[in-house]
Amino acid sequence: MQNKGAIRVITIIFALVCLYQLSFTYYTKRVEGRAEQYATNQYAKNLAKELAKGDALREQELLDSISTARENYYLDSVSDKTAYDFLFVRPFTYRECKAREINLGLDLKGGMNVMMEVSTIDVVRNLATNPSDPNLTNLIDKAVAIQKQSGKSFMTCFKQVIEQESQKGKIDLSALFRVKLKDKGITANSKNSDVLSAIDKECTDSYDRTFQVLSKRIDKFGVAQPTIQKLEATERILIELPGISDPQRVSRLLEGTAQLEFWLCGSAAKVLPDLVNADKWLATVGLDESTDNGTESETTTTEVANEVKKDTGIAVTNPLFAKLTPNQGNFHPSVVGVAAAQDKADVNLMLKKAAKILPQDVMFLWSSKPLRNTNQYELYVINYTNKSKTALLDGDVISDAKNDFRQTGEPIVTMVMKDEASRKWAKITGSNAGNAIAIVLDSVVYSAPTVHGEISGGRSEISGTFTVDETKDLANILKSGKLTAPANIVQESIVGPSLGAESIHAGMMSFIVAFILVLVYMIFFYNMAGIAACIALLTNLFFLFGVLASIGAVLTLPGIAGIVLTMGMAIDANVIIYERIKEELVAGKNVSTAIIDGYKAAYSAIIDGNVTTLLTGIVLAYFGSGPVQGFAITLCIGILTSLFCGIFVSRLVFEFMLNKKKLVSHITFYNKLTKNFLQNTKLNFVGGHKIQYTITIIMVVIALGSITFKGLDYGVDFSGGRTYVVRFDQDVNPTDIRASLQKEFGNAPEVKNFGPNYQVKITTDYKVKEDSEAVKREVIAKLHHGTKQFFQYKDITIEQFESTLKSPLGIISSEIVGPTMADDIRRSAVIAVVISLLLIFVYIGLRFRKWQYGLAGLTSLAFDALMTIGLFSLFSRVLPFNLEVSQDFVAAVLTVIGYSINDTVIVFDRVRENVKLYPKHSYGRVMNDAMNQTLSRTFNTLGSTLLVLIIVFIFGGEVLRGFMFALLMGIASGAFSSLFVACPIAYSLITRTKKEKIKIEK
C-alpha cells in the first residue's frame, strides 16, 4: 500500500478532530443531565403534590411546567460557567459548548419551522403615487401571472412585463412613481430603466430591513439556538425555533408589521341603529347581491348567506346579529358587539356588503384578544377625523417600549414617543379630553383608554387582559421597529416535544438494530474479512458524526434514515472489494497479493458508483429544505466518509493483520456456506432481452395506468393546505371524525389514521389562502370543537388541545403550506429530478466514453422513478400507512436514482474491463460474463441495504414509514432495472451500431 504512513497520519488527525468536535456534545449533555436531575429532585415532585388538586391532565401540566421552569433556571445559572476545560488550556462555558454540539432538527426535539415571504408587491404599490392606479394594477397582475408559471422573483417578472409593454407602446413609469421616488433622483424625464433600478433597490432594502427587524425580535424572544436565514433568490426568510411551546405567540411576533396607530373611538350607541338597518337589509336582499370585488368575494358572501340561512329563527331574519351579539351596555362604550373567533370573518364580509347602509365616517376594528375566559372578540367603532381617513397619529413614532406592571400587578406596556410624535400626542390628548382613543397595532385594537387631559412627555401605555409574555412580545415588536413590507408565513411546520421524543426513540432504535444486523451479516458472509469491514463501518460512523458536529449540521429524523442508508452504501464498497479479492484468490494468488490486486480492481467501480449518488445528494441538498435538506447533507457526508473508510481504513486493518504472522492464516473472505455462493453462474441475461423488454413494458403500462386513472395522494407540500396530527386518549374511527369535522368546516377534511388507532392526520384546505393569526385560531377552534367528543377526557380545553408542551393529547404536530409555496415545491421537485437524471447521463457518457451507456443508464433511472411513483399510486389508500407525495417522497425518488445507478455502473465497469481483457469475445458474451461476475455483489449489496431499510421501515415510526416504503420499492426496482433494463438497452444500442459499421466496412 503506497503512502501508508501518510494515510495513517491523516486518519489519526481526522479521528482526533472528530473526537474534539464530539466532546462538546458530551459535556453539554452532562450539564443538561444535572439540570434535569436538579429540577426533578428539588422542585417538581413536592410542588406538583401541593398544586395539583384538579384532574389528572391538569396535574401533568403542573408537573411539566414546574420541571421545565426549574431546569431552565439551572441552565441559565450555569450558562456562563466553565463546563469543559479542554486540556486545561481553553475553558468553554456551557453556552459555548451548546453552540458546538450536534444540533437536533425540530422533528427530533420539537419546535417551529417557518418560511416567511416578504411582500415585494406591497413594496411596489406603496412606492407608487397612487397605489390603486389601474395601469399599475394591470402591470402587477401580469407580473404575478408570469411569476406563478416561472417561479422567478416578482421584480424579475415585473421587469419582464415592463419590457414587453414598452415594445407595444409608451409606458412612463416616472408618472407612476416619481413623487415617492423623488429623493432617489427620479424625475418626469427619468427612463423606465432608471425607475426600475430605483424600485429594485427599494425592494432589496426592504427585504434587508425586514430580515434585520425579524432578527431583533427573535433575539429578544429568548429561544435557544434559533436559526434565521435569508433565501434571497425567492425573497423568503427561513426561521427555525426549537423548543417552542406556544406557536401562536410566535406567529403573532413574526407577522406583526408594528404599524402603530392612534384613532378616535366612536360611539356604539350612535352606530347601533345603523347596524340594525344593515341587518334588516342583509336579511332581505343584501346577502344575495353581488359585491364590488369580483367573483371571489361573491362566492364567499354566498357561502355566508347559505350558512346563516341554515339556522332557524334569528339566523333567517337577523343574519348579522346571528353572528354578532350587540352591546347592551355591558361592554366598552365604543364596542358595538362581540363575536366568536370563527364568526369574525363572516361579520367582516357582511359589514363590507352593507357598507352603503352604514355611516361613511366610521370603520370597525376587532380587539386583539378575546374577552377573559371566552372565545368572544369585541368589535370597536372608530371615527374618521379627516377627509383622507387617516389616523390621529401613526408611523414610526416609538423610541422605546418595555413591559411593566401597574401598582395592582397588571402587566402593561409603556411607550416613549419620539420628539415630534410627542408634541402631536400632547395636542391630540389635550383636544380630546373625555373621549376614548384606540391604540391600534396592525389593524387590531389593543386598548381604548379614555383621555382625562393632555399627556405631555410622549409617554403612554397599552393595557388590557395581557399575560407577562404578551407584554414582553408587544414591547419587543414596538422596540424592534416597523416592518417596511408585510412578511407573510407561507409555510409553517410545528412538532410537539412529545412527538419529537418519540421520533428520537424510534430513530435510535432503528439505527441500533440495523447497525447490529449489518455487522452480523458481514461477519457471517465474509468471516474474518467481515470484522475488518465492521471496524471500517464503526470508524465511518464516528467520522460522520464528527463532521456533522464540525460543520454545525442539523440531525433530522430523515437524517438518521440517511445515516442508516449510508451504512448500507458503506458495506457496498467492502462487498465490491471482497468479491474482487475472492476472484483473485480463485485465480491462485496468495492472500497478500489478492488483497492488493482486489483493491486496485475495485477502485473505479467504487468511485463511479459513489460519485453518481453524490451528484443526486448535492441536487437534493440544493433544492430541498428542512428535514429533507438534512437528509441530503447527511447522505453526502456519509458518501465521502464511506469512500475514505471503505478504501483506506479497511486497507489499514488488512495491512495490520498481514504484518502479524499469527493473523495471516486467519484472513478469510468466506466460510463453508458462502464460499461458492453465486460463483461461476452461466445465466444468459442477454439472450432473453426481448422477453425482458416485454416484462418492462407491462410494468410501465401498469404504473402509468395507476398514475393516470387512480392518481396520487398529494400532501400539503404539493397541494397547499393545513395538516394536523391529533392524538386521542382512546382508539378512534377516522370516518366518525370526518363526519363531525364536516359540520365545522363545511367541506369534509381528509382524516386518516397516522400510526396507532388513537392518532389521526387531518388535512383541510379551509381558508388556506388566508394566513392571519385569526384564521389559524379559527381553524384550531373548529378542530377542537369537532373532535373533543372523541376524547375519553371530554373536558379538554382548547389550550390543552393546541398546546405542544403542556398536554400529551391534542395537536402534536401541524403544517401549513400556502398555495404559492406549494407551487414552488412542485416546480423545484420536477427540476431536481430532471437535473439529477441529466447529470448522471452526462457523467456516465463521459466516464465510459459511449453515449449508449449514458442513454441506457438514463432509461433505467427513468424506469425506477416511474416504478416508485407508480407503486405509491397503486398502494395509496390500500396499505395501512401514509403514502402521500411530499418533499420526503421526492427525496426518496432522488435517492433511488442515485443509488440505483450504482448497480448499473458496477456492471458497466466490469463490461469495460472485459472488453479490454477479451477483445475477440462477442459483445453479448462480454455483457453476460460481466452480469454473472457481479451477481454476488448485487445480491449482497441489495440484501444488506434492504435489510437496514426494512428495519427502519418497521422501527422508524410512522413519520418515516412512507419515506422508507418509497426507498424499499425504488431500490428493489433499481436492482431489477440494472440487470433487465439498462444492460439490455446498452447491448441493443451498441450491437446495432457495430452491425452498421461492419456493413460500411464491407
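**Figure 1. Helices and strands across the whole chain.** Helices here are DSSP runs of H or I with at least four residues, strands are runs of E with at least two, and the numbering starts from the N terminus. Counted that way, this predicted model has 34 helices and 23 strands. The protein runs to 1002 residues, and 53% of them count as buried. Take the contacts with a separation of 6 or more: 74% of them link residues 24 or more positions apart.

**Figure 2. An open sheet built from eight strands.** Reading across, the order goes β5-β6-β4-β18-β23-β20-β22-β21, and the pairing is antiparallel. At the edges sit β5 (227–231) and β21 (750–753), each with pairing on one side only. Ignoring direction, neighbouring strands of this sheet are turned by 20° against each other on average.

**Figure 3. Strands β18 and β23, side by side.** Here β18 (residues 487–495) meets β23 (residues 810–817), and five bridges hold the antiparallel pairing. Look for Gln491, which has Val817 of β23 standing opposite.

**Figure 4. A helix packed on the sheet.** Helix α26 covers residues 734–745 and touches two strands, β21 and β22 (759–764). The directions of α26 and β21 make an angle of about 155°.

Figure 5. To get your bearings, find Val520 in helix α18, which spans residues 497–526.

Key: Residues are numbered from 1 along each chain as its sequence is written. This is a predicted model: local features need pLDDT of at least 70, side-chain atom pairs count only at pLDDT 80 or more; totals for chains, interfaces and linings use all residues. Side-chain values use heavy atoms; hydrogens and water are left out. Buried means under 20% relative accessible area, exposed over 50%, partly exposed in between (1.4 Å probe, protein chains only). Contact means heavy atoms within 4.5 Å. Two strands pair if DSSP finds at least two bridges between them. Axes are lines fitted to C-alpha atoms, for helices over the stretch in contact, and angles run from 0 to 180 degrees between N-to-C directions.
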